[in-house]
Number of protein chains: 2
Amino acid sequence: MALQPVLIAGQWRPAQSTGSFHAENPATGERLPEDYPTSAWADCDAALTAAAEAAVALRARPPGKIADFLTAYAAQIEAGATELVAMAHQETGLPATPRLATVELPRTTGQLRQAAAAAREGSWALPTIDAKINLRSVLEPLGPVLVFGPNNFPFAYNGVAGGDFAAAIAAGNPVMAKAHPSHPGTSRLLAEAAMAAVRETGLPAATVQMLYNIAPEDGLRLVADPRLGAVGFTGSRNGGLRLKAAADAAGKPIYLELSSLNPVVILPGALAERGPKLVEEFTTSCLMASGQFCTNPGLILLLAGEATETFINAVAERFAAAPVNPLLSAGVARGLRTSLATLRAAGAHVLTGGEPVNAPGSRFANTLLRVSAAAFLAAPAALQTEAFGNASLLVVARDAAELALVLEHLEGNLTGCIYSDTQGSDDARYQDLAPRLRCRVGRLLNDKMPTGVAVSPAMNHGGPYPATGHPGFTAVGIPASLRRFAMLACYDNVRPGRLPAALQDKNPNGKLWRLIDGSWTQGDVCA
Amino acid sequence: MALQPVLIAGQWRPAQSTGSFHAENPATGERLPEDYPTSAWADCDAALTAAAEAAVALRARPPGKIADFLTAYAAQIEAGATELVAMAHQETGLPATPRLATVELPRTTGQLRQAAAAAREGSWALPTIDAKINLRSVLEPLGPVLVFGPNNFPFAYNGVAGGDFAAAIAAGNPVMAKAHPSHPGTSRLLAEAAMAAVRETGLPAATVQMLYNIAPEDGLRLVADPRLGAVGFTGSRNGGLRLKAAADAAGKPIYLELSSLNPVVILPGALAERGPKLVEEFTTSCLMASGQFCTNPGLILLLAGEATETFINAVAERFAAAPVNPLLSAGVARGLRTSLATLRAAGAHVLTGGEPVNAPGSRFANTLLRVSAAAFLAAPAALQTEAFGNASLLVVARDAAELALVLEHLEGNLTGCIYSDTQGSDDARYQDLAPRLRCRVGRLLNDKMPTGVAVSPAMNHGGPYPATGHPGFTAVGIPASLRRFAMLACYDNVRPGRLPAALQDKNPNGKLWRLIDGSWTQGDVCA
């Protein structure tokens with residue numbers, strides 16, 4: 001069977017391939033019909049050259065044109081929603097409704113429209129003017145962005161449609177997407193919709209390009225290529241860190257979203273006050289989409305006591321009784337098994353689950369593990385192995401001091417949460433524990449599971465290493481996510497007519513927020 | 001002679017040393033009397049532990065306390081100005097007046113006071129509030145910052161007093177300074193002033209620590225240490241890139257300011273209009289402080305023609321006639337000689353200078369080199385070797401197309417400049433060349449030499465790799481420089497009393513700018 005073509009320089013053309021692959025339906029194990037190419041370096045090279053030209057051309061377009069594209073793309077996705085949802089359902093096993101059709105697809109188009117609004121208005125770029133000395137600066141595009149999408153959000157984090165894509169384009173950069181090989185058909189439909197929007201709005205043809213798969217060594221070569229501006233990566237820690245090393249050595253900005261355990265501390269007062277509700281909240285959060293979220297609560301920290309035992313028993317029962325949904329791929333199931341073996345070897349015991357389920361497709365029993373804080377402290381690295389999927393590890397500490405010590409041994413995480421009671425009995429413990437958790441996580445929650453990641457200007461979907469590669473940036477939330485894909489461009493004594501619109505005396509649209517002589521204003525520079 | 005003590009955990013104490021060094025007066029070659037230690041790892045380790053504790057303690061202080069310290073430190077520096085200037089003059093050979101006393105020292109205290117104001121007011125941290133869903137985020141300190149100061153600004157970039165120091169402290173982090181071994185006495189006086197201010201304002205004793213020198217391998221170990229939050233480095237490309245590799249591998253943010261040639265394009269219309277004035281501007285900028293500025297104009301790009309020959313001849317005459325001032329150290333003189341040899345081997349010829357001067361101390365003749373654009377394009381890497389000091393390379397292009405090609409072969413630089421005439425005869429060339437230069441430099445200038453770096457909110461003292469390690473950040477300019485030493489901290493559903501002051505509904509000081517539901521405001525969150 002002929003291989004699917006790749007999208008380079010505005011054309012769907014046959015890949016220079018070194019091999020091929022296919023997707024499968026993880027709910028059934030069935031092989032899906034299309035064959036997709038693994039591109040040779042020649043494809044990467046051609047895409048880089050086209051992207052570098054597109055980057056120059058895009059700089060000359062007014063921001064409104066880029067906004068028009070993002071909006072048109074959102075509409076194209078909506079027009080093709082039925083087909084997209086069916087394909088993504090087939091390739092990922094995720095429920096068509098509500099998940100794909102009414103949650104993830106609208107999230108994706110919503111992100112594109114928010115990005116469009118941000119591009120049109122321009123405040124994301126923090127234009128800053130020192131009128132007295134005619135010194136002005138603003139964030140500007142930095143060149144083609146290579147986006148690696150993950151397996152777990154076929155729309156909302158897709159390299160050719162998701163958050164990194166929207167942010168990179170809105171900041172004025174072309175995107176080269178590396179589709180995730182577990183949902184190539186979904187990526188193809190999205191790329192087709194993107195190209196329709198590119199044509200409709202007259203952007204440079206190579207504004208959006210896509211390859212299905214590349215050899216790992218070509219990935220390392222790509223991220224270091226001088227034609228590339230930056231990289232966005234969401235995926236496994238191992239793969240991400242290899243790319244980071246290659247990009248770092250070339251001085252290339254790379255933004256990674258890697259593994260995260262998302263520790264949740266449940267204090268005794270909260271358990272006493274609303275134990276059964278917490279059982280429900282945790283079980284729902286942990287098993288939703290078979291636990292395949294970056295913000296899945298994978299590590300629960302508890303203080304020893306009767307209420308904790310009751311909580312654990314109830315959760316174990318709920319895990320055992322809950323339906324077992326498919327994982328995203330056979331690879332995820334293998335990874336989960338390997339991780340659980342590591343956790344068990346380090347001293348965690350299985351309360352329920354722990355084994356694959358004998359059923360069609362890739363399924364693994366809902367798994368709950370337990371370990372003492374003392375054992376955790378004896379092997380903190382091994383016991384922080386991420387078990388990506390429907391599994392979570394409970395750590396029970398003797399007392400608050402031991403719990404504090406566990407927090408101090410945590411790696412960087414995307415989120416961390418503390419549940420406490422509403423009457424104040426947990427307050428002293430909270431005050432002691434919160435600062436220890438705060439500096440180790442990007443988002444600190446109270447009384448709420450971390451799974452939901454609102455697309456809000458105040459969101460931080462980021463965190464200290466190794467959750468990401470830099471603790472100052474977020475992958476979700478507009479306008480901040482755009483600032484990752486930009487360089488600071490300063491204009492010193494540049495003549496008025498040569499300044500970019502955002503830095504001219506007159507506010508270009510009356511809405512742009514600018515820091516003029518120390519104050520944020522939507523006004524003009526006063527003469 | 002006893003070794004000078006080091007500053008660890010608030011105490012001046014004997015170093016655990018592996019060796020010693022001394023400074024010399026580069027104007028005379030005279031050995032200066034004090035002996036300073038090269039610290040063993042034990043000193044680094046002790047300082048890291050103390051810094052980590054100070055970081056926790058500092059988080060609990062209100063921003064006003066940190067501002068008080070920075071202000072008190074500025075006053076201490078002013079109180080000790082006479083002694084500081086005398087010591088720095090002796091150690092660096094830079095003129096006591098105007099340079100050290102009336103330019104660099106006031107710049108340093110000015111930076112500290114600007115940083116104090118930024119810390120007190122808080123807007124640098126971009127507090128962002130989504131009131132509807134009670135999601136709030138702000139930049140927060142990320143832990144101890146290790147600052148490596150360079151040789152060329154004994155006050156304004158000193159690890160224990162300069163821009164990185166002020167930014168890191170104002171962002172709420174303790175600083176461990178690694179003094180530059182060419183001016184240890186100046187660094188000691190500054191650290192003493194800093195400690196007096198620490199005591200006066202009651203900050204944690206290890207808020208400011210200083211070591212004089214460490215082994216290169218301990219530097220690599222330091223930047224990767226889990227107790228450290230981030231690194232600021234200003235200095236040579238080789239040393240900086242080694243530290244970057246070590247920090248990157250540990251996932252540690254490192255901000256580098258490395259070499260830069262600061263290309264200056266002088267278009268024919270400008271030469272015709274004001275040639276003699278440009279001779280003057282360039283000569284002054286290039287020879288000031290013996291050319292030892294990060295933003296020294298080291299590469300001048302010209303179009304072939306009679307006016308260009310006139311310009312070159314006039315500059316060569318001025319270089320030959322100008323006084324030869326001392327370099328910062330014998331090491332700088334050796335480095336300059338090596339770089340010039342590289343440039344000559346790659347095809348540049350010396351128009352004037354090119355040799356050390358037979359005089360007391362470390363002096364090198366003012367040096368002007370010339371190469372054709374064709375030769376430059378044949379060896380662009382070698383001909384972009386930085387010759388740090390009183391030297392500059394002129395590149396003469398056949399035509400504008402060849403000049404454009406030279407621009408496209410430039411590495412990342414801190415600055416780039418284009419001189420054009422005021423009547424419009426250069427405008428078409430400017431429009432063609434400026435975009436090619438723009439994306440390769442942090443600061444684009446018109447009709448102005450790059451040497452001055454105003455401490456302004458709109459400044460960018462940064463640029464694409466390898467001028468720095470990340471094109472999005474600036475080392476000079478408050479508030480932006482503070483944001484390097486911070487992590488994004490998000491609060492999701494956190495109870496009101498537990499939020500940091502900057503994120504509570506009420507504006508903490510009535511002056512803090514916050515992005516509330518999409519608009520910048522100094523107001524409160526409306527109920």
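Chain A is divided into domain 1 (6-16 + 36-258 + 474-481), domain 2 (263-446) and domain 3 (488-521); the bounds come from an automatic or database domain assignment. This is a predicted model, in which local features need pLDDT of at least 70 and side-chain atom pairs count only at pLDDT 80 or more, while totals for chains, interfaces and linings use all residues. Residues are numbered from 1 along each chain as its sequence is written, and chains are lettered from A and ligands numbered from 1 in the order in which they are written.

Taken over C-alpha atoms, the centres of domain 1 and domain 2 of chain A are separated by 33 Å. Eight residues of domain 1 of chain A are in contact with nine residues of domain 2 of chain A, where contact means that the C-beta atoms, placed from the backbone, lie within 7 Å. On the domain 1 side of chain A, the touching residues are one nonpolar, five polar and two charged. Here Ala, Val, Leu, Ile, Met, Phe, Trp, Tyr, Cys and Pro count as nonpolar, Asp, Glu, Lys and Arg as charged, and the others, Gly among them, as polar.

Next, a strand. Helices (H or I, at least four residues) and strands (E, at least two) are DSSP runs, numbered from the N terminus. Five of the five residues of strand β10 (residues 230-234) of chain A are buried, so β10(A) is largely enclosed by the rest of the structure. Buried means 20 or more other C-beta atoms within 10 Å of the residue's own, exposed means 12 or fewer, and partly exposed is in between, with C-beta atoms placed from the backbone. In a regular strand the side chains alternate between the two faces of the sheet. In β10(A), Ala230(A), Gly232(A) and Thr234(A) are on one side, and Val231(A) and Phe233(A) on the other.

What runs alongside β10(A)? Strand β7 (residues 145-148) of chain A is joined to β10(A) by four bridges, in parallel; strands pair if DSSP finds at least two bridges between them. Leu146(A) is opposite Val231(A). Strand β11 (residues 254-257) of chain A also pairs with β10(A) in the parallel sense, over four bridges, and Thr234(A) has Glu257(A) as its bridge partner there. From β10(A) the chain passes through helix α8 (residues 237-249) of chain A to β11(A), in a right-handed β-α-β crossover. Right-handed means that, with the strands pointing away from the viewer, the path from the first strand over the helix to the second runs clockwise.

Now the two chains. In chain B, 56 residues are in contact with 56 residues of chain A. β19(B) gives the most to the chain B side, with seven residues. Strand β18 (residues 441-446) of chain A pairs with β19(B) in the parallel sense over three bridges, and Leu444(A) stands opposite Tyr491(B). A rotation of 180° with 0.0 Å of shift along its axis superposes chain B on chain A (RMSD 0.0 Å). The two copies are thus related as by a two-fold rotation axis. The superposition is by least squares on the C-alpha atoms of residues with pLDDT of at least 70 in both.

Last, some backbone details. Most residues other than glycine have a negative phi, and most peptide bonds are trans. Leu126(A) has a positive phi of about 50°, and this residue is buried, with 21 other C-beta atoms within 10 Å. Tyr465(A) and Pro466(A) are joined by a cis peptide bond, with omega about 5°.

Note on methods. Two residues are in contact if their C-beta atoms, placed from the backbone, lie within 7 Å.
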